[in-house]
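Dear colleague,

I am passing on the structure we spoke about, together with notes on what was found in it. Please keep it open while you read.

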Amino acid sequence: RLALYGLGGVLGLLVVLAVAKLWVFVLLIPLIVLAVLLLWRDDATPAELFTYALIFTALLVLLGIEVIYLKDFLGGGEHRRMNTVFKFGIQAWVLLGLATGAALPGLWAAVERWRSRGTRWAWTVALALLLFAACIYPVVGTPARVNDRFPGARPPLGTLDGMAFMTVGEYAWPDENNRIALKYDYEAIRWLMDNVSVKEGTPVLAEAAIGYYREFGVRVASYTGLPTLLGMHQAEQRYAWQVGERDAAAREFFNTTDLERTRQLIRDLHIRYVYVGQLERALYDQAGLQKFDEMVQTGEMRVVYRNERTIIYEVLKF
C-alpha cells in the first residue's frame, strides 16, 4: 500500500509539472525514482550498487541545476545560469558516461538471456545505432567546426601537436578586412618554447589583453605557459576593480607613447618580453607600438625574434 501511495504521489507530481510545462523535471524525476529503487535492491552486487550510485548522483545534479544556480557576472541576463549548467553539467555527463561503461557488460549479459530472439536483435540494433550516432560526430562534426572557424583550412593529420591548426589557420578580426594568418604566431610561439620556456622559467610576456574565443587573445601564454598581463575570464574569479585596473595598465602599456611611463609599467608589471604580432597591431595604436623600436635604439630593449608579421622584444633594462 505504501508503494502505491508513493507511485500515486509521483504521478500526481508529474501531472502538475507537465501542466506547468516543466518538462526537464518530468523527465528527470521518474529516472531518479528508478535509480533510488535500484539502490534499494537487496540482491545487487557492490559493483551494481556503485553503478546505480553514479547514475543517481548524475541525475540529482542535473535536477539541482534546474532549481539552483550560482549568481555571477551573468546575473540578470538570459545566460544567468550558463556557468552553473556548463560546469556542473559536465560532471553529470562524466558520471553518466562512467555508469554506462560499467553497466554495458551486465546489460549485454542480461539481453543474451532473453528468450525472444527478435527482442534481442532489436536491443542490439538500437545499441548499435546509439554507438554509431556517438562515433559519427568526430568524423562529421570536426570538419564542420574547423571549416566554420577556419574556412578552407585543412590541419595536418597524424599528429598530436595541438598547435598544428595554426600552420594553416586564418581568421578575420575585428572585421573581414583584417585577416590574421596564424602560421606567424605558430613560428614565434615555437621559438619561445625552445628558447625561453625551457631555459628561463616563467618571465612575464606582454601580449594582447583581449578575449580568446573569437579574437584568439592570450594565445602565446596559453601555449607557452608564460605569465602574461591579463588572462581570460578574470572578471569571473576576481573583483572587477582589480581586473579593470590591470586591463587599463595593459592597454596603456601598448598604447602610450610616453617612454618614461612605459618604463614605469615595465617595472610595475615585471615585463621581460613584449610580443607584437598581427593581433596586437589590429588592437593597439601604431604610434604606441613604435616606441618599442625606439627603446631598441636606446639600448633598453632588443629584438630577439622576428618573422614577416611578428616581433618579440626582450627588455634589457628595468
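**An exposed loop residue**

At 71% relative accessibility, glutamate 78 counts as exposed, where exposed means over 50% relative accessible area, buried under 20% and partly exposed in between, with a 1.4 Å probe and protein chains only. Glutamate 78 is found in the loop between α3 and α4, helices being DSSP runs of H or I of at least four residues and strands runs of E of at least two, numbered from the N terminus. Its C-alpha atom is separated by 40 Å from that of tryptophan 123, and the two residues are 45 apart along the chain.

Before going further, please note that this is a predicted model, in which local features need pLDDT of at least 70 and side-chain atom pairs count only at pLDDT 80 or more, while totals for chains, interfaces and linings use all residues. Residues are numbered from 1 along each chain as its sequence is written, and side-chain values use heavy atoms, with hydrogens and water left out.

**The nonpolar cores**

In soluble globular proteins, nonpolar side chains tend to be buried together. A nonpolar core here is a set of buried Ala, Val, Leu, Ile, Met, Phe, Trp, Tyr and Cys residues joined through side-chain atoms within 4.5 Å. The largest such core has 51 residues, and Phe253, Ile271, Val274 and Phe292 touch the most other members. Among the elements that give two or more residues to this core are α6 (183–200), α9 (240–255), β4 (271–276), α12 (286–297), β5 (301–306) and β6 (311–315), and α6 gives the most, with six residues.

Leaving aside neighbours within four places in sequence, valine 274 is in contact (heavy atoms within 4.5 Å) with Ala206, Phe253, Phe254, Phe292, Met301, Ile311, Ile312 and Tyr313. A second, separate core of 14 residues includes Leu14, Leu17, Ile29 and Ile32.

**The strands around β6**

Strand β6 is largely enclosed by the rest of the structure, because five of its five residues are buried. Ile311, Tyr313 and Val315 point one way from β6, whereas Ile312 and Glu314 point the other way. Strands are said to pair if DSSP finds at least two bridges between them. By that rule β4 and β6 pair in the antiparallel sense over four bridges, and within this pairing tyrosine 275 has isoleucine 312 as its bridge partner, while valine 276 has isoleucine 311.

**Glutamate 314**

Which side chains make polar contacts with glutamate 314? The residue is found in strand β6 and counts as buried because its relative accessibility is 5%. A polar contact (a pair of N or O atoms within 3.5 Å; within protein, one must be able to donate a hydrogen and the other to accept it, and residues adjacent in sequence count only if both atoms are side-chain atoms) of 2.8 Å joins its side chain to that of arginine 272. The side chain of glutamate 314 makes another polar contact with the side chain of arginine 302, also at 2.8 Å, and arginine 302 stands opposite glutamate 314 in the strand pairing.

**Backbone details**

A cis peptide bond, with omega of about 5°, joins tryptophan 173 and proline 174, and proline 174 is found in the loop between β1 (170–172) and β2 (179–181). Phenylalanine 216 is not a glycine, yet has a positive phi of about 65°. It lies in the loop between β3 and α7 (219–224) and counts as buried because its relative accessibility is 4%. Valine 218, which has its place in the loop between β3 and α7, has a positive phi near 55° and counts as buried at 7% relative accessibility.

With best wishes
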